[in-house]
Structure formats: structure tokens, C-alpha cells
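Hi,

Here is the structure I promised to pass on. Have a look at it first, and then read my notes below.

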Amino acid sequence: MKKIIFVVLSTLCSALIFSQNKKEKDSLYIEAVENKLHPDKVLHAEPLYIDLIRDLGARKGEKEWNVGFELKDNNTFDSYNGFVEYEWAVIDRLGLEIEVPFTFYSPNNSGATIPKNAIDGLKLATQYSFYVSEKNKTTLAIAYLNEFELPNFSDYGKSKAIIGNIYNPFFVAAKRWGNNFHTLLYIGPVIEHEFENNHIETTWQINTNFHYMIPGTSNFIGIELNKEIHNGAFDMVIRPQMRVGIIDNLLIGIVTGIPISKENERFSTFLRLIYEPKGIH
């Protein structure tokens, strides 16, 4: 009986110590982001696939490099998408971003017709966090992304240097629940304008995100639900994901894409390498 009581008490003490250490780690890590030396900033887990323009509540001097690569199965052909991206905060709460995306294709069978390889465009974006509340653990932001569409490699010299434009204003609302659970909503229209025929199409993006951040770290696991409404049709891709720190300022994000409709797209895999030079946090 004494041995049983000893084991029970030891287990309870261990659980209490672990719980206390977990809370201390969380508090220390959150304090490192939300310290009072700079304007208020709330620690949020942000999506990996459709990411934001710098952190929500960004502080002047923050900067980050991203390199991404995606392999997507489109039934009759595979696409290899990639990008290089740089984002920085010019003043408190205002972030800017420049990105160059590119796509290459290969057929899944000998008779398949595939799109042409291209540097897809030049993306320029800005984001302003107009409401930051550490008390409510909530941040609200508005943003705008503009993409100048470029011709395929084979059309260089045959068409205009810029063949179209994509206008993408959006709204972001993020909230942390306790220390570890995070939710985020990203919503806005994507307006595609083709210059050659002056054709305009609008697609609505509604992205919802749920993440659990590992105590005392910037690592997380979660899910990103990328929803689109186009010409009255609804589509969604479910993206389970995780982010892991390699060293202090270098992280890798791993995402799997699972479409609910497989008519045009099947499974995909996406990797994002995130490098944040040491500086203001």
C-alpha cells in the first residue's frame, strides 16, 4: 500500500511540475514576443500555404525571407510551383512584401497537353494591423496584394511584357485562445484582369485556420482550409500542416493538400523554408 501511495504521489508531483514548466515556458516565449519594450504585438500562428504579409502587428525592422516549393498532381500533368519572397516592416504594424513565383510542368502521360513554363508574375503586397489587443489576444488587419502577370517563356518577345493584373484586397482576423490554440480568418476577392481581351473574373477566397503551438516554441501543427467561390461554384482544399524550427531563426513548414473535388486537381505537397534575420521581434 505504501508503494502504491508513493507511486501515486510521485506521479501527481511529476504532472504538477510538468504543468508548471509548460506554463512557464509558454509565458516566457509569449513574453519574448509581447514584451512592453515595443508597441503591442500578439503572438499568432499564421498559415503556411497562403501566408500573410509580415507578422500581424509587425514591428519596425522585422524582416523575413521565404522560399517555397510545391508538387501538385493535376490529373493529366504535374506542376512544380515555387517562389522566392522577401517581407519587411517599414514602420510599426505596416508590412511590405515582394515575391517572384514560377511554375514548371510535366505530363503524366505521353498524349497530355500541358501549360507552358513561366515566371508567373511579380507580386507586391502591403498589410496594416489596425487593431492589436494583447488583453483580448486579437489582431485585425487589412491588406492588398497586386500581381503583375508575365508571359510564358516561349512567348517572350511575342507579347506584351505584362499580360494581366491580379488585384487582391483582403481582411485578416486572428485570435489566440489561452496560450496554445490559434484561429485565423482570411477573406477577400481575387480579381483577374487579362489585358489582351480586357476580360475580368472574380474569385472569392475564404480561408480559415486552426493551429496548436507547441509550448515554449514557435513550432505548431494545424490545418488550413482554403475555400474558393467562383461563378457560384464552391471548392475547398484541406491542408494539414506543421512548422518546425531548425535553428533559432530558421524554420521549415510542411503542408499536404487534399482537395474535396478531384476533377482537376489531386493531392499536393508544399514546403516552405522561413529565414528570419536576427533583429527586432
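What follows is a short tour of the salt bridges and of one surface patch. Please keep in mind that this is a predicted model.

Let's start with the charged residues. Side chains of opposite charge can pair when their charged atoms come close. The count here comes to 10 salt bridges. In one of them, Lys-41 and Glu-62 meet with N and O 2.6 Å apart. Both residues sit in the loop between helix H1 (2-33) and strand S1, 21 residues apart. Lys-41 counts as buried because its relative accessible area is 4%, under the 20% cut-off. Glu-62 is buried too, at 2%.

Glu-87 pairs with Arg-54, and their closest N and O atoms are 3.2 Å apart. Since Glu-87 lies in strand S2 and Arg-54 in the loop between H1 and S1, this pair ties together parts 33 residues apart in sequence. Glu-87 is buried at 2% relative accessibility, and Arg-54 is buried at 0%.

Another salt bridge joins Asp-51 to Arg-272, at 3.4 Å. Asp-51 is in the loop between H1 and S1, while Arg-272 is in strand S13, 221 residues away. Both are buried.

Now for the surface. Trp-65, Val-67, Val-84, Ile-246, Ile-247, Leu-273 and Tyr-275 form a nonpolar patch with about 630 Å² of accessible area together. Strands S1 (63-73), S11 (233-247) and S13 (268-275) each give two or more residues to the patch. Val-84 is in strand S2 (77-91) and is partly exposed, at 39% relative accessibility.

Enjoy exploring!

Conventions
Residues numbered from 1 in each chain as written. Predicted model: local features only at pLDDT ≥ 70, side-chain atom pairs only at ≥ 80, totals over all residues. Heavy atoms only, no water. Patch = residues over 30% accessible without salt bridge, like charges linked within 9 Å, V, L, I, M, F, W, Y side chains within 5 Å. Areas by Shrake-Rupley, 256 points an atom, 1.4 Å probe, with all protein chains shown as cover. Salt bridge = Lys/Arg side-chain N within 4 Å of Asp/Glu carboxyl O. Helix = DSSP H or I, 4+ residues; strand = E, 2+ residues; numbered from the N terminus. Buried < 20%, exposed > 50% of the residue type's maximum accessible area, 1.4 Å probe, protein only.
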